[in-house]
Amino acid sequence: MTTQRRAPEVWREMGLTDAEYARIVALLGREPTDVELGMFAVMWSEHCGYKYSRPVLRLFRKYRESLEGAGFENAGVVPLDEQLGVAFKVESHNHPSAVEPHQGAATGVGGIIRDIFTMGARPIAILNSLRFGPLTEPRNRYLFEHVVEGIASYGNCIGVPTVAGEVYFHPCYSGNPLVNAMAVGVVPLARIVSARADVPGSAVMYVGASTGRDGIHGATFASETLGDDQEEKRPNVQIGDPFMEKLLIEATLEALETGAVLGMQDMGAAGLTCTTCEPTSKSGTGVEIETSLVPTREADMTPYEIMLSESQERMLLYVQAGREEEVAQVFRKWGLNAVVIGRVLQEPVLRVRHRGEVVAELPPDYLTTQCPTYTLQADEPAYLAEAQRLELESVPVPSDMNEALLALLGSPTIASKRWVYEQYDWLVGTQTILPPGAGDAAALRVRGSDRGIALTIDCNARYCYLHPYRGGQIAVAEAARNLACVGAVPRAITDCLNFGNPQRPEIFYQFEQAVRGIADASEFFETPVVSGNVSFYNESEFGAVYPTPTIGMLGVLERADDAVGMGFREAGDVVLLVRPAARPADAEPHFGLGASEYLSVVHGLERGAPDPVDLPTERALHRLLHTLARRRLVRSMHDLSEGGFAVALTECALAHGVGVQVDLPAEAVDHAPRPDAALFGERQTRVILSAAPQHASEIIALARAHGLACDTIGATGGERIQIDWQGARLIDLPLTRCREAYEGAIPRWFST
Amino acid sequence: MKAGVIVFPGSNCDRDAYYALRDELGYTVDYLWHDDARDLRNYGLVIVPGGFSYGDYLRPGAIARFARIMDSLRDYAARGGLVLGVCNGFQILCEAGLLPGALTRNIGLKFRCMPVHIRVENAETPYTRRYRQGEVLRIPIAHGDGRYVCDEATLQQLRANGQIVFRYCSPDGALGEAWNPNGSIDHIAGVANAQFNVLGMMPHPERACELLLGSDDGRRLLQVG
């Protein structure tokens, strides 16, 4: 092996600190080789090593571990019934998408899909959470259009439906959009595959696409702040080949049927390095590979490049000795590479040879568990106390509430995302019961089970900015509520924690507080965080993004056809509002206007704090909604979120073009003293229901039995939306005008 | 009834077609691998499913038409066997010369996935005889290259022979640009060959076989037995 002393610039360039380099030298007892240094740099990046976030993420672990053995696999598989389990995970692809939106987003989908079928699960759904700067900026329109196109081109081609998502627009995402992709798969519980290398002598088999020079140091790139050298970073972005991925899905699932595959991991961040060191480290074994056997796109690739390449659509399999050919044949049938490049060793050593010569040799643990962790300083941000103050008296009440409602409906964050989801194939697989736009969450049947699943992804980043702890709690509460609104029981969480540079104490404060909020709510709702991803350094010349801990959540429908949509179905139904029986003791004095979309869109203010969520009341609501769906008592359920009551009601009406008249009782809006607070205040734990009139009394009785209040507030019918409050008609609009504002807000920026 | 579903690398509606035919229509169904030449005589229906055959990086269907199974399919069709091409399958049948015309990029240049309405223009084909002439069906589309084009002479011929089997329309059956999701000439959503045993269509009948998924209007189309 050739090792040498090198100048500090070499490791600093790779993102390692001087102290980390010294630690490497101390661990090895010598200078690392070039290949080893590259391997350390990627594995010790925040992206792979979680060196800054790990201490805080322990908050999730305690609760999750208490469930393992009780049916929850450590791979993050949630049992659906006796036979089947659901695997799901969310991951960010923010930086690649900022630089090369189409490929960045496409490979984000490809990567998370591989995480799913690597567990032996057939991918059945994709969701995504997207955040951009305002559409008024051409660069943001470019990013938005091409991110959507990238997701569509990849997801549609591999035949996995994109069933739900969210899109927010805010100046904090200019220059650093967030692209979080979530994938969901179904696996027979008896056939879950882990990323392990337990058996010495088993073969290390490389399958899938050839290795190219793309994406080298991608994980390092993900672990730094985007600078003005973005254009130069374009070659760091990998290029996706969805056709190859589709073949890989089919071939991998077919290969698993042989029973000869002992372990498997996809080559995502840190490629071959990660897939050799992680499984062996977990299993306490070692591995020896020969890089010249790896199929490459170019003849002269160095072992350094081969070990660090992040070329897409590749997997590493650990195959039972003697059965290599059986497995390889399946991949060859699908026209894919399948090459044995090494063997698992008894001794815990990761040895990399290139044409026989050893170019790296070290215990796998050095790259994984020996990654240093740091407890960073957290200081309350300077802006916080000031921004939480809101003097409502200084906010004028608009003279025309119709105009205010239309402004909210036409704000791209609230407006219909039809322009987005019509570009996604949301029905391939023929399991989608509630497609995008039809319910508060997507609902799918699952072939082979009577049960169905509900899926959502959600986060209000403004809440997290103005109150990180509550924001984290509310993100979980709202995701769970979305699932309950379609009739499902919330079961588990995957999270994608998007924050700025954690080495800044105010950012780390946001992170720690938001994670605490998520952990507390998750534990209370008994919905463990089973998988997730941390994305730091989401900053650009415009500053850090708002703290955005995106919550992906899975719910279970006892019967798939229980699923309830959000839209009013027909004229003559009663409309009810379910809410907490009492205001929380610690409620803000802003009647839901603090941190609201209304305050931002109509008054240009981002102030105040979101109302707290009372977790016991929230859980009672989830149970009530589940009961209503099971007993088939309701025709629609929709929760109040951005834009408050008036926006939610309008969405119910627009879904199937059924008008509505309501009279909003004072107690239903916490006796708000002003009409804008009554209409647009954002209050937690509230849901609008519609039902056949004969069910109203039973629904109200059930709500009371759950400790909640429920009022009949109006009826469906006609072609207008009318809202009365304290004897005044605040809102009176034809559906057509609301639809124009709601459906037109996004397409108007794109000519075709 | 025995039906076959062709599987190309990159087909992704093969499983949907398989389940619809097996579970909803009660057929015996086989997958037919693209690289195998097969005698298809025993099949009552062969579906060329949707997807992205061979990735469709060149032009949809342009490579699939050279697959071994396509020779078998040509023989089968020549003997009067029923061949239904859906979405990518329609594109492949056009590329293979089994159907007239071609499918090009949608007029808006975007992939579109949504339920659309189509009108039965010829209720006397083996696929449509369970529908009324002029009946409006609600069936989803999901494609980026669904704009049907052909030359004027072909169009005249299609009209004269009744080979235009489906047209995009409003929920009430009216024709108009607003109801045509991809800019197809003459609002064409599906065409048959002159013998009416080969049908190609962009909307997905296999996705419309159960009310749970929003519509079962496609079911009767698959009842060809």
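A salt bridge here is a side-chain nitrogen of Lys or Arg within 4 Å of a carboxyl oxygen of Asp or Glu. B:Lys110 and A:Glu149 form one, with their closest N and O atoms 3.7 Å apart.

**Model and confidence**

This is a predicted model, in which local features need pLDDT of at least 70, side-chain atom pairs count only at pLDDT 80 or more, and totals for chains, interfaces and linings use all residues. Residues are numbered from 1 along each chain as its sequence is written, chains are lettered from A and ligands numbered from 1 in the order in which they are written, and side-chain values use heavy atoms, with hydrogens and water left out.

The predictor's confidence in each residue is the pLDDT, on a scale from 0 to 100. Chain A averages 93, and 96% of its residues score at least 70. Residues 69-74 of chain A have a pLDDT below 50. Beyond near neighbours in sequence, that stretch has 11 contacts in the model (contact: heavy atoms within 4.5 Å). Where pLDDT is low, the predicted coordinates should not be read in detail. Chain B has a mean pLDDT of 97, and 100% of its residues reach 70 or more. For the complex, the predictor gives an ipTM of 0.97 and a pTM of 0.95.

**Two interfaces**

Within chain A, the domain assignment, from an automatic or database source, gives domain 1 (60-366) and domain 2 (564-752). The C-alpha centres of these two domains of chain A lie 41 Å apart.

The table uses two further terms. Buried area is the accessible area (1.4 Å probe) that two parts lose on being put together, summed over both. A polar contact is a pair of N or O atoms within 3.5 Å; within protein, one must be able to donate a hydrogen and the other to accept it, and residues adjacent in sequence count only if both atoms are side-chain atoms.

| Interface | Residues in contact | Buried area | Salt bridges | Residue pairs in polar contact (both at pLDDT 80 or more) |
|---|---|---|---|---|
| Chain B and chain A | 27 of chain B, 31 of chain A | about 2500 Å² | five | 10 |
| Domain 1 and domain 2 of chain A | eight of domain 1, five of domain 2 | about 640 Å² | zero | two |

Between chain B and chain A, carbon and sulfur atoms give 62% of the buried area. Between domain 1 and domain 2 of chain A, they give 70%.

**Who supplies the residues**

Elements are DSSP runs numbered from the N terminus: helices (H or I, at least four residues) and strands (E, at least two). Between chain B and chain A there are 10 residue pairs in polar contact. On the chain B side, helix H1 (14-24), strand S6 (112-120) and strand S7 (136-143) each give two or more residues. S6(B) has the largest share, four residues. By class, this side has 15 nonpolar, five polar and seven charged residues. Nonpolar covers Ala, Val, Leu, Ile, Met, Phe, Trp, Tyr, Cys and Pro; charged covers Asp, Glu, Lys and Arg; the others, Gly among them, are polar.

Between the domains of chain A, two residue pairs are in polar contact. On the domain 1 side, helix H8 (138-158) and strand S4 (162-169) of chain A give two or more residues each. H8(A) gives the most, three residues. The classes are four nonpolar, two polar and two charged.

**Salt bridges overall**

Over all chains, the count is 71 salt bridges. One of them joins A:Arg131 and A:Glu166, at 2.5 Å from N to O. A:Arg131 sits in strand S3 (residues 122-132) of chain A and A:Glu166 in strand S4 of chain A, so the pair links distant parts of the chain, 35 residues apart.
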